[in-house]
Amino acid sequence: MNNAEPVITLNRDTKKDDLIVITGAGGFIAGALTRYFHNQGFTRIRAIDKKPLPNWYQHVPGVENLCLDVSEKENAIRAVEGAVEVYNLAADMGGMGFIERFRIECLRSILINTHMVEAAYRAGAKRYFFSSSACAYNVTLQQDPHVRALKESDAYPAMAERGYGWEKLMSEMFCQEYWAERKFETHIARFHNVYGPLGTWDGGREKAPAAICRKVIEAKEAGKHEIVIWGDGTQTRSFMYIDDCVKGIDMIMHCDKLIATPINLGSNELIAINDLVSMAEEIGGIKLERKYDLGAPRGVAGRNSDNTFIKQVLGWEPNIQFRQGLAKTYVWIEQQYADRKVGKHTVEDHA
Ligand code: NAD
């Protein structure tokens, strides 16, 4: 079942020259999504981000790139003009270090979805996608590293992660009510930690896989055989490779059974941070002495994705093995690191 193609028929009524709008496209996931649709042969894609164009992680040929802050109503309206499908992935976000420190910034992303969903509805778009997060789940269910995987109903009774998680849950609710009250077709995926090449790897917004790869590379470079790990290393997570993420977004958006129905989009391969460090060491061909920073942000003790529902509706779940995806990510970060050393531009210079 794992690798099987969908058992249900996806609603592929979008024409190749229909206008697809993707927000957050200067960043990691929406940048990859833009490339994915371009590779699928879509000829009219509008990519949007508030970052100035030279700072985008990738530029996809033939795509209309607009620099707009869509937390402002007028910009949201401009963004969706003529859109048939809207993928809203713009958010002020980052790894644990960012979302625990900047809760207000995270909460303010509520303005993005609030304006985007209304603008998309008024513009007569056919479908709307919202990128939610596993941080929307009740934190009291995530206090043990050996967690029971989170299923969709575990978001309620609500006790989301402060700041970022509450914004996601509230924005989900907006999307659900646009369907309930106005029959505007919305789709909502709860991503569980996404990683891969062309993601953030330095600067404070990076997530654990990229941060650990970078630390291993730095230790090798410095000849200092030591690594600092946030928390005690027993905390667990699942990590989804970027290729699985964009494929999942496409399937979720085009599944009629998933209208206004939040669904997990994540791997269910549970990894302890200590094991992630061991894998990165093995890929880098080095063994490091571990120092644990118990005062650093560590997030919930454990979190995994229960994929029963996605397997049931799509006959598919993210299935790229973590070890395999991490190796690709490591090689990419190593190259970025080398490029930066000789003064070449890297993704981080563009953040
Ligand atoms: P990212 O930071 O790489 O990309 C987000 C982009 O949104 C950035 O380029 C940023 O400049 C842009 N943005 C922020 N505010 C904006 C605004 N007002 N107007 C226009 N653009 C704006 O992050 P990502 O990892 O690619 O995440 C994409 C989406 O997926 C976000 O909604 C995020 O919350 C969600 N998500 C990501 C993960 C993950 O592991 N990366 C996990 C759960 C959910």
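Tutor: Buried area is the accessible area that two parts lose on being put together, summed over both. Keep that in mind as we look at this predicted model.

Student: Which domains is the chain divided into?

Tutor: Domain 1 covers 20–195 + 240–265, and domain 2 covers 208–237 + 270–301 + 321–350. Their C-alpha centres are 26 Å apart. To the contact, domain 1 gives 17 residues and domain 2 gives 20 residues.

Student: How do I read the size of such an interface?

Tutor: The size of an interface is often given as the accessible area lost when the parts come together. Here domain 1 and domain 2 bury about 1,400 Å² between them, with 63% of it on carbon and sulfur atoms.

Student: Now the helices. How is a packed pair described?

Tutor: Two packed helices are described by the angle between their axes and the distance between the axes. Take α7 (residues 208–222) and α11 (residues 322–341): their axes come within 9 Å and cross at roughly 50 degrees. The two helices are therefore oblique to each other, and α7 passes α11 in a right-handed crossing.

Student: Which residues make the contact between α7 and α11?

Tutor: From α7, they include Pro209, Ala210, Cys213 and Arg214; from α11, Phe322, Leu326 and Tyr330 are among them. The residues of this contact divide into 10 nonpolar, no polar and six charged.

Definitions and conventions: Residues numbered from 1 in each chain as written. Predicted model: local features only at pLDDT ≥ 70, side-chain atom pairs only at ≥ 80, totals over all residues. Heavy atoms only, no water. Axes fitted to C-alpha atoms, helices over the stretch in contact; angles between N-to-C directions. Helix = DSSP H or I, 4+ residues; strand = E, 2+ residues; numbered from the N terminus. Parallel < 35°, antiparallel > 145°, perpendicular 65-115°, else oblique. Left-handed = near helix turned anticlockwise from the far one by under 90°. Contact = heavy atoms within 4.5 Å. Nonpolar A, V, L, I, M, F, W, Y, C, P; charged D, E, K, R; others polar. Domains from an automatic or database assignment. Buried area = accessible area lost by both parts, 1.4 Å probe.
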